[in-house]
2 protein chains.
Amino acid sequence: MRIIGEKINGTRQRVAQAIEERNADLIRDLATQQAEAGAAWLDVNAGTHRSREPDDLIWLVETIQPVVEVPLCLDSANPQALAAAIQVVERTPMINSISGEPRRLEGILPLVAEHGCPVIALAMDDKGIPETCERRMEVVRKVMEAACASGVPDGNVYLDPLAMTLAANTDSALTTLDTMRAIRREFPDAHLTMGLSNISFGLPARSYINRVFLTLALAAGLDCAILDPLDREMKAALVAAELVLGHDRHCLNYTRAYRAGLFNGPRAKASHK
Amino acid sequence: MRIIGEKINGTRQRVAQAIEERNADLIRDLATQQAEAGAAWLDVNAGTHRSREPDDLIWLVETIQPVVEVPLCLDSANPQALAAAIQVVERTPMINSISGEPRRLEGILPLVAEHGCPVIALAMDDKGIPETCERRMEVVRKVMEAACASGVPDGNVYLDPLAMTLAANTDSALTTLDTMRAIRREFPDAHLTMGLSNISFGLPARSYINRVFLTLALAAGLDCAILDPLDREMKAALVAAELVLGHDRHCLNYTRAYRAGLFNGPRAKASHK
């Protein structure tokens, strides 16, 4: 399981302020902490000021890349911002994201193809997020066809089946998991990624729900997740889930994480009977 | 999900001592605590003193049943102990357990049939616990045939696919989950139960593994579990898993558990962002 670190996101107030004030220290701290915690990519989202987005994204890229080796994941729906940022990126970035929306496909896919980037593709189009697995798969097929036509190999596509909050529809996780299994069958070379925490939006004690959903998503084939790599509970759940799912030969990763203290929170001790 | 409370077990030192000393208070405390925590049955295991087992089991039953309404789950491999205890039980008990071992089938199934008891059936025989799902299913079929021939309906059988520790074989959970799905397909009216904690025997920070395994087992069709109903972390994981799996209409059970403080441990607060 590879992790895309989610913390450098301009829709978060603290990060928005740091971008506005050009506070490089705060951004670099978030970058190095996430890299040290094992993120495979760092998501970089400049926020919602559309006219400033290209400049802000370039500033973020130029601020972050001198301090970490980890590649970036350029997070924008705006082809102009992505095209500008990609010029200053040193290591091939991931692009977050395309979808079935023609504007995104036409604006972003050529960039992805030209630079050989991995790309996140959302199972939604200009009509929104489909309710059912079948309709999400129609969007996925359309996006995969467009990617293929642009010369982007399946192995560079990270499909995001999308998770809506359970607060609105208690079948929402089942729909997402069904979509993941359908993608695994139909596009075995594509990757599966997801921002997990939306599943619990509006509900209390969200981490319990998020950890259960991570476990079930891993079982359904998730191989990449957008999350906070500094969230120890989430990482502990991930390491335990990989063990139970048979992905951890001789329990090596689990026992190594244990020795490194990953399970040593207050409750981990109490439960260590 | 119905819970069989596991705490009155004579293989635990504290309980063995209470049985030896006829310490009714300790046993009754364990009974009322588990009943108040929502156990649907209370497992009653008199321990390993074979010659004393019938007397000890009768004492346990007569000690427990005046203080709780919850039915008991008589836990013994010894037909004589079960036959003796069943005479003093007031509410139809569950029997724990039969298996593919002829001695158990012949000794215990007639009791189960005569008294109309639900019964736990282990996916093992006198050769031990089969390594593969296919071999466990052969045992399951043999047991289900014997139950049917004795007049025990499928709906009274709680099949336990058995979980071996991941420490010995990291495919162990996958084998158990595969067996559960095969049972669900082949015997849709039978129930699925399991003692979950064996999956993590010999490993550190066991509760992390147990909670992941509970989540995956629920997704595979588990509808009954043998566990400690006083383990709040396990119950919190269970309530969250039932929500994510679409078993909790309008999130009512989850939000009720939240309001009752189930998620209010030290970490639950920290993660409630």
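Predicted model: local features only at pLDDT ≥ 70, side-chain atom pairs only at ≥ 80, totals over all residues.
In general, strands of a sheet pair through backbone hydrogen bonds, and the pairing is either parallel or antiparallel. Further in, strand E2 (residues 41-44) and strand E3 (residues 72-75) of chain A run parallel and are joined by three bridges. One residue pair can be picked out here: A:Val44 has A:Leu74, in E3(A), as its bridge partner.

Next come the salt bridges. Over all chains, the whole structure holds 21 of them. One of these links A:Glu20 to A:Arg52, with the closest N and O atoms 3.6 Å apart. A:Glu20 belongs to helix H1 (residues 13-20) of chain A, while A:Arg52 is in the loop between E2 and helix H3 (53-64) of chain A, so this pair ties together parts that are 32 residues apart in sequence.

Chain A itself splits into domain 1 (2-229) and domain 2 (231-273). Their C-alpha centres are 26 Å apart. Where the two domains of chain A touch, domain 1 brings 13 residues to the contact and domain 2 brings ten. About 1,100 Å² is buried between these domains of chain A, and carbon and sulfur atoms account for 69% of that area. On the domain 1 side, A:Arg211, A:Leu214 and A:Leu218 lose the most area to domain 2 of chain A, together making up 45% of what that side buries.

The polar side of this domain contact can be described too. A:Glu233 and A:Arg211 meet through their side chains in a salt bridge, at 3.0 Å from N to O. The interface between the two domains of chain A also has three residue pairs in polar contact (both at pLDDT 80 or more). Helix H8 (residues 206-219) of chain A supplies the largest share of the domain 1 side, namely seven residues. By class, the domain 1 side that touches domain 2 of chain A comes out as nine nonpolar, two polar and two charged residues.

That leaves the contact between the chains. The size of an interface is often given as the accessible area lost when the parts come together. Chain B and chain A bury about 3,800 Å² between them, with 70% of it on carbon and sulfur atoms. No salt bridges turn up across this interface of chain B and chain A, but six residue pairs of the two chains are in polar contact (both at pLDDT 80 or more). On the chain B side, helix H7 (172-186), helix H8 (206-219), helix H9 (232-244), helix H10 (252-259) and helix H11 (266-270) each provide at least two of the residues that touch chain A. H8(B) gives the most, with ten residues. Sorted by class, the side of chain B that touches chain A holds 26 nonpolar, eight polar and nine charged residues. As for the residues in contact, 43 come from chain B and 44 from chain A.

Technical notes
Residues numbered from 1 in each chain as written. Chains lettered and ligands numbered in written order. Heavy atoms only, no water. Contact = heavy atoms within 4.5 Å. Buried area = accessible area lost by both parts, 1.4 Å probe. Salt bridge = Lys/Arg side-chain N within 4 Å of Asp/Glu carboxyl O. Polar contact = N/O pair within 3.5 Å; in protein donor to acceptor, adjacent residues only side chain to side chain. Helix = DSSP H or I, 4+ residues; strand = E, 2+ residues; numbered from the N terminus. Nonpolar A, V, L, I, M, F, W, Y, C, P; charged D, E, K, R; others polar. Domains from an automatic or database assignment. Pairing = 2+ DSSP bridges.
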